[in-house]
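The sequence and the structure are shown first.

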Amino acid sequence: MRKGFTLIELLIVLSIISALMAVATPTGINALKQAKATNVAGNFRTLNQAVLQMLTLEPNPPTTGDILDYIYTQGHISTKPSGFTITYKSDTKEYIIKYMLDDIDPTRVKNIFNSLEIDSDGKLILRVPKP
């Protein structure tokens, strides 16, 4: 009696493995997309709270320059999330938190954090009015 697998047995095992991978791969990709969207939504919440804290504690909050860096250096957040910018619009007197990267589905993030808006460029924004 010979030891080892026949060619037919190997082909059957490979076909079973490929069928399982065909089922598991889309599920894994969807889970990664959802995790990234959840992370971005969490960063929006954190930055929203940081801007509100800055507006409450700072007598003269910045309206120009790198506001995200200012919030970080003043200790309102412990890390700077990548892909975000914070600008001030003087005509509407509000801070705009914007996610600049294209690595997420904006509607997926908006479903997690419904206060977000999608601007004309397809980017996610959050408006924080200045009191």
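With which residue does Lys80 form a salt bridge?

## Salt bridge of Lys80

In this predicted model, the partner of Lys80 is Asp69, with the closest N and O atoms 3.3 Å apart. Lys80 lies in the loop between α2 (67–73) and β1, and Asp69 in helix α2, so the pair ties together parts that are eleven residues apart in sequence. Both side chains belong to partly exposed residues: the relative accessible area is 39% for Lys80 and 29% for Asp69.

## Sheet and helix

Four strands build an open, antiparallel sheet in the order β1-β2-β4-β3. The edge positions are taken by β1 (84–89) and β3 (117–118); each has a single partner strand, so one side of each lacks a neighbour in the sheet. Helix α1 packs on the sheet and touches β1, β2 and β4, its direction making about 160° with that of β2.

Strands β2 (residues 94–99) and β4 (residues 124–129) are joined by six bridges. In this pairing, Lys98 stands opposite Ile125 of β4.

The whole structure contains seven salt bridges. Glu94 and Arg127 meet at 2.8 Å, N to O, and link strand β2 with strand β4 across 33 residues. Glu94 is buried at 10% relative accessibility, whereas Arg127 is partly exposed at 33%. Together with Glu117, these two residues are linked in a network of salt bridges.

Asp119 forms a salt bridge with Lys98 at 3.1 Å, and both residues are buried.

## Nonpolar surface

A nonpolar surface patch of about 1,000 Å² includes Leu7, Ile12 and Leu20. Leu20, in helix α1 (residues 7–57), is exposed with a relative accessible area of 57%.

Conventions
Residues are numbered from 1 along each chain as its sequence is written. This is a predicted model: local features need pLDDT of at least 70, side-chain atom pairs count only at pLDDT 80 or more; totals for chains, interfaces and linings use all residues. Side-chain values use heavy atoms; hydrogens and water are left out. Patches are made of residues with over 30% relative accessible area and no salt bridge: like charges are joined within 9 Å, nonpolar side chains (Val, Leu, Ile, Met, Phe, Trp, Tyr) within 5 Å. Accessible areas come from the Shrake-Rupley method with a 1.4 Å probe; for residues, only the protein chains shown count as cover. A salt bridge is a side-chain nitrogen of Lys or Arg within 4 Å of a carboxyl oxygen of Asp or Glu. Helices (H or I, at least four residues) and strands (E, at least two) are DSSP runs, numbered from the N terminus. Buried means under 20% relative accessible area, exposed over 50%, partly exposed in between (1.4 Å probe, protein chains only). Two strands pair if DSSP finds at least two bridges between them. Contact means heavy atoms within 4.5 Å. Axes are lines fitted to C-alpha atoms, for helices over the stretch in contact, and angles run from 0 to 180 degrees between N-to-C directions.
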